[in-house]
Amino acid sequence: HQSNYDAVVSNACFANFYDTEGLVDAMTMALRPGTGSLFITHPLGASFVQKLHDENSMTVPHTLPSRERFEDLVDRRPLDLVDFQEEIVGSTKVYFASAKRKGL
């Protein structure tokens, strides 16, 4: 992987990947050291993804990371946690997690 990207975004698809650890590794390695940002987002929130996972774990093999799980994903890589939000926007619970790649 080349570390050329300012940002890598997984929007409404993170839970669909079978190897989320490998996905976060690839996202991290694609980021420019010191300035690159990683985002995991879902406009319908973690509870929506949990419901999809419960209904069909073949299609949605994972859920969105809890705050503790996201902290663990960040701590085991050259990343710093920037933000973690699960908030209500209108009647929807939005999911937003971000980290920044550490410098060399």
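Within strand E4, alanine 99 is the bridge partner of leucine 38. The structure is a predicted model, in which local features need pLDDT of at least 70, side-chain atom pairs count only at pLDDT 80 or more, and totals for chains, interfaces and linings use all residues. Residues are numbered from 1 along each chain as its sequence is written, and side-chain values use heavy atoms, with hydrogens and water left out. Helices (H or I, at least four residues) and strands (E, at least two) are DSSP runs, numbered from the N terminus.

The bridge between leucine 38 and alanine 99 belongs to a pairing of strand E2 (residues 37-42) with strand E4 (residues 92-101), which run antiparallel and are joined by 6 bridges. Two strands are taken to pair if DSSP finds at least two bridges between them. Histidine 42 also has a bridge partner in E4, namely tyrosine 95.

E1 and E2 run parallel and are joined by 5 bridges. Between them the chain passes through helix H1 (residues 20-30), and this β-α-β crossover is right-handed (with the strands pointing away from the viewer, the path from the first strand over the helix to the second runs clockwise). Alanine 7 stands opposite serine 37 in E2.

E2 is mostly covered, with 5 of its 6 residues buried (buried means under 20% relative accessible area, exposed over 50%, partly exposed in between, with a 1.4 Å probe and protein chains only). Threonine 41 lies in this strand and counts as buried because its relative accessibility is 13%. Leaving aside residues up to four places away in sequence, threonine 41 touches Val9, Ser10, Asn11, Ala12, Tyr95 and Phe96, where contact means heavy atoms within 4.5 Å. Histidine 42, also in strand E2, is buried at a relative accessible area of 9%. With the same exclusion, the contacts of histidine 42 include Phe48, Val49 and Leu64. A polar atom of the histidine 42 side chain lies 3.0 Å from the backbone nitrogen of leucine 44.

The largest nonpolar core has 22 residues, of which Phe14, Leu38, Ile40, Leu64, Phe70 and Tyr95 touch the most other members. Such a core is a set of buried Ala, Val, Leu, Ile, Met, Phe, Trp, Tyr and Cys residues joined through side-chain atoms within 4.5 Å. H1, E2, H2, helix H3 (67-75), E3 and E4 each give two or more residues to this core, and H1 gives the most, with 4 residues. Among the residues touched by phenylalanine 70, not counting those up to four places away in sequence, are Leu38, Ile40, Leu81, Phe84 and Ala97.

Serine 91 is found in the loop between E3 and E4 and counts as exposed, at 76% relative accessibility. The C-alpha atoms of serine 91 and alanine 12 are separated by 18 Å, and the two residues are 79 residues apart along the chain.

Definitions and conventions
Polar contact = N/O pair within 3.5 Å; in protein donor to acceptor, adjacent residues only side chain to side chain.
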